[in-house]
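Here is a short note to read alongside the model. Please keep the structure open as you go through the points.

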Amino acid sequence: TANFLFWILKSQFSIFALFSCLMFVFITLVFAFLVIVAAHFEPACVTSSIFETANSFVARLNDAWQLSWTTFSTVGYGMISPSTSAKFTDEMDYLRRDGTCALISFVLSVECLVGILFV
């Protein structure tokens with residue numbers, strides 16, 4: 001890793017900026033996929049009129065990526081945001097306690113920490 005850091009510091013600014021942008025997109029896409037998985041288990045924990053009714057994977061990925069990059073960059077939430085609690089109607093309650101959205105909160109908390117360390 002030391003050689004890589006030395007290479008980045010010695011490279012041109014345009015290469016460093018391109019590498020940083022690619023890493024940002026890659027990391028936020030990884031967390032977007034984790035948001036989709038977490039929303040599969042806790043569908044009421046992502047508040048968006050589009051995300052809940054989206055039938056296509058591309059539409060869900062678009063919304064999950066929007067939630068991911070706003071969390072990663074700590075910009076703030078707009079049309080889509082995580083819920084801290086939700087009312088669940090199914091019997092699958094092993095990941096949540098007392099209606100809290102533990103899985104999605106954990107994923108987005110880790111992403112926020114990674115975003116702070118990235119900057």
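1. A word on the source. This is a predicted model, where local features need pLDDT of at least 70 and side-chain atom pairs count only at pLDDT 80 or more, while totals for chains, interfaces and linings use all residues. Residues are numbered from 1 along each chain as its sequence is written, and side-chain values use heavy atoms, leaving out hydrogens and water.

2. Now the layout. The chain has 5 helices and 2 strands. From the N terminus, the order is α-α-β-α-α-β-α. Helices (H or I, at least four residues) and strands (E, at least two) are DSSP runs, numbered from the N terminus.

3. Buried residues make up 30% of the 119 residues in the chain. Buried means under 20% relative accessible area, exposed over 50%, and partly exposed in between (1.4 Å probe, protein chains only). Among contacts (heavy atoms within 4.5 Å) between residues at least 6 apart in sequence, 66% join residues at least 24 apart.

4. Next, the core. A nonpolar core is a set of buried Ala, Val, Leu, Ile, Met, Phe, Trp, Tyr and Cys residues joined through side-chain atoms within 4.5 Å. The largest one has 17 residues. Val 35, Val 46, Ala 64, Leu 67, Ile 104 and Leu 108 touch the most other members. H2, H4 and helix H5 (102–118) each give two or more residues to this core. H2 gives the most, with 7 residues.

5. How many aromatic pairs does a search of the whole structure find? It finds 2. Rings of Phe, Tyr and Trp (its six-membered ring) pair if their centres lie within 6.5 Å; planes under 30 degrees apart count as stacked, over 60 as edge-to-face and the rest as tilted. Why is the pair of Phe 13 and Phe 16 tilted? Their planes are at 45°, so the pair is tilted, with centres 6.4 Å apart. Both lie in helix H2 (residues 13–41), 3 residues apart. Phe 13 is exposed at 65%, and Phe 16 is partly exposed at 36%.

6. Phe 24 and Phe 72 form an edge-to-face pair, 5.4 Å centre to centre, with 65° between the planes. This pair links distant parts of the chain: Phe 24 is in helix H2 and Phe 72 in helix H4 (residues 57–72), 48 residues apart. Phe 72 is buried at 2% relative accessibility, whereas Phe 24 is partly exposed at 24%.
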